[in-house]
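Please read the points below with the model open beside you.

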Amino acid sequence: MVKYFCFFVLSCILGAPFACAQQQSQQWITYKPGKGPGNGKHIVFVSGDEEYRSEEALPMLAKILAEHHGFKTTVLFAIDPRTGEINPNNLTNIPGLEQLRTADLMVIFTRFRELPDEQMKYIDDYIKAGKPVIGMRTATHAFRYQKNTGSPYAKYDFSSKVKGWEGGFGRQILGETWISHHGDHGHEGTRGLINGVMEQKNAVLNGVNDIWCATDVYTTRELEGDPEVLVWGLPTSGMTPDAELNWRKSVMPVAWIKQYTSESGNTGRVFGTTMGAAIDLKSEDLRRLLVNACYWAMHMEEQIPEKSNVDIVGEYHPTMFGVDDYKKGLTPSDYK
């Protein structure tokens with residue numbers, strides 16, 4: 001009783017600042033590395049999208065890379081500053097981006113974020129340093145500046161017209177910005193067609209044979225930055241893995257590799273994919289593609305196994321994609 005009484009008194013004395021301090025400690029989550037070739041490397045996952053449940057997908061991937069492959073992994077979330085809860089609809093707050101200062105790889109899965117300059121600075125510094133990037137699904141349109149259009153980081157906007165930053169972060173760093181849905185969103189899935197030529201040349205495709213996603217194929221143009229397509233996507237006439245292929249539609253790149261050159265002249269490796277919603281990652285081979293890509297991005301391709309262990313750690317019950325369908329009331333600590 002004494003303990004609880006003291007806590008009550010302290011709460012009354014300190015009020016909101018004490019509550020904020022409690023929330024601050026839970027605004028992101030870090031998984032300690034197990035044994036594996038990743039020891040000494042730090043991967044930072046940046047989530048924050050309203051539709052495809054990146055806040056569920058990225059912790060699952062982070063656990064796999066920590067437990068099975070030995071990487072230290074940190075997952076950041078869109079946080080409601082009033083409650084400390086994960087809220088993907090909050091477009092202006094992803095605490096913990098300073099973690100990028102020690103990151104060897106950034107995996108980003110955000111959509112239309114407009115972060116304050118003090119947070120975006122860490123992403124910009126990371127890009128200027130030419131460090132590797134993996135972009136998933138809506139990362140092609142990771143940022144949108146509607147209010148603070150005078151920000152020095154407004155060039156990251158998916159529709160940027162700034163010289164040298166046309167198409168923003170998506171186009172200039174990943175290779176493409178948001179164009180449109182090529183598949184029939186919510187009615188057609190994606191069948192991944194492995195590039196047989198690249199299969200013989202690039203270890204990212206080790207053990208990757210069967211990819212089907214519930215999300216649809218995104219439209220792309222000719223990708224920026226001389227990429228190599230690893231997986232092509234063809235819409236399926238239905239939302240199940242056995243649905244027929246819709247050959248009336250053309251194939252589109254759905255996973256590729258490239259390099260970018262920053263304004264500082266530094267170059268970094270990039271793996272981009274328009275797949276990766278939480279529900280998509282029920283596909284074992286899509287998880288394997290992403291894990292392999294993490295190795296490759298950090299110049300560890302010689303250590304990619306013939307068949308990477310991508311067994312899910314703990315339970316994984318992903319939410320179907322849909323705007324505002326996120327699990328309410330959760331904090332980062334719920335993903336321990």
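1. Tyr31 stands opposite Thr73 in strand S3, and strand S1 (residues 28-31) pairs with S3 in the antiparallel sense over four bridges. Strands here are DSSP runs (E, at least two residues) and helices are DSSP runs too (H or I, at least four), numbered from the N terminus, and two strands pair if DSSP finds at least two bridges between them.

2. Before going further, please note that this is a predicted model, in which local features need pLDDT of at least 70 and side-chain atom pairs count only at pLDDT 80 or more, while totals for chains, interfaces and linings use all residues. Residues are numbered from 1 along each chain as its sequence is written, and side-chain values use heavy atoms, with hydrogens and water left out.

3. Strand S2 (residues 42-48) also pairs with S3, in the parallel sense and over five bridges, and Val44 has Thr74 as its bridge partner in S3. Because four of the five residues of S3 (residues 72-76) are buried (under 20% relative accessible area, with exposed over 50% and partly exposed in between, using a 1.4 Å probe and protein chains only), S3 is largely enclosed by the rest of the structure.

4. These strands belong to an open sheet of 10 strands with mixed pairing, in the order S1-S3-S2-S4-S5-S10-S9-S8-S6-S7. Its edge strands are S1 and S7 (211-213), each of which pairs on one side only, and the twist averages 20° from one strand to the next.

5. Helix H3 (residues 54-67) and helix H7 (residues 284-297) have axes that come within 11 Å and cross at roughly 60°. Axes are lines fitted to C-alpha atoms, for helices over the stretch in contact, and angles run from 0 to 180 degrees between N-to-C directions. H3 is therefore oblique to H7, since angles under 35 degrees count as roughly parallel, over 145 as roughly antiparallel, 65 to 115 as roughly perpendicular and the rest as oblique. The contact (heavy atoms within 4.5 Å) is made by Met60, Leu61, Ile64 and Leu65 of H3 and by Arg287, Leu290, Val291 and Cys294 of H7.

6. Not counting residues up to four places away in sequence, Arg287 touches Met60, Ile64, Leu281, Lys282, Val310 and Ile312. Arg287 and Met60 are 227 residues apart in sequence, with their C-alpha atoms 9.7 Å apart in space.
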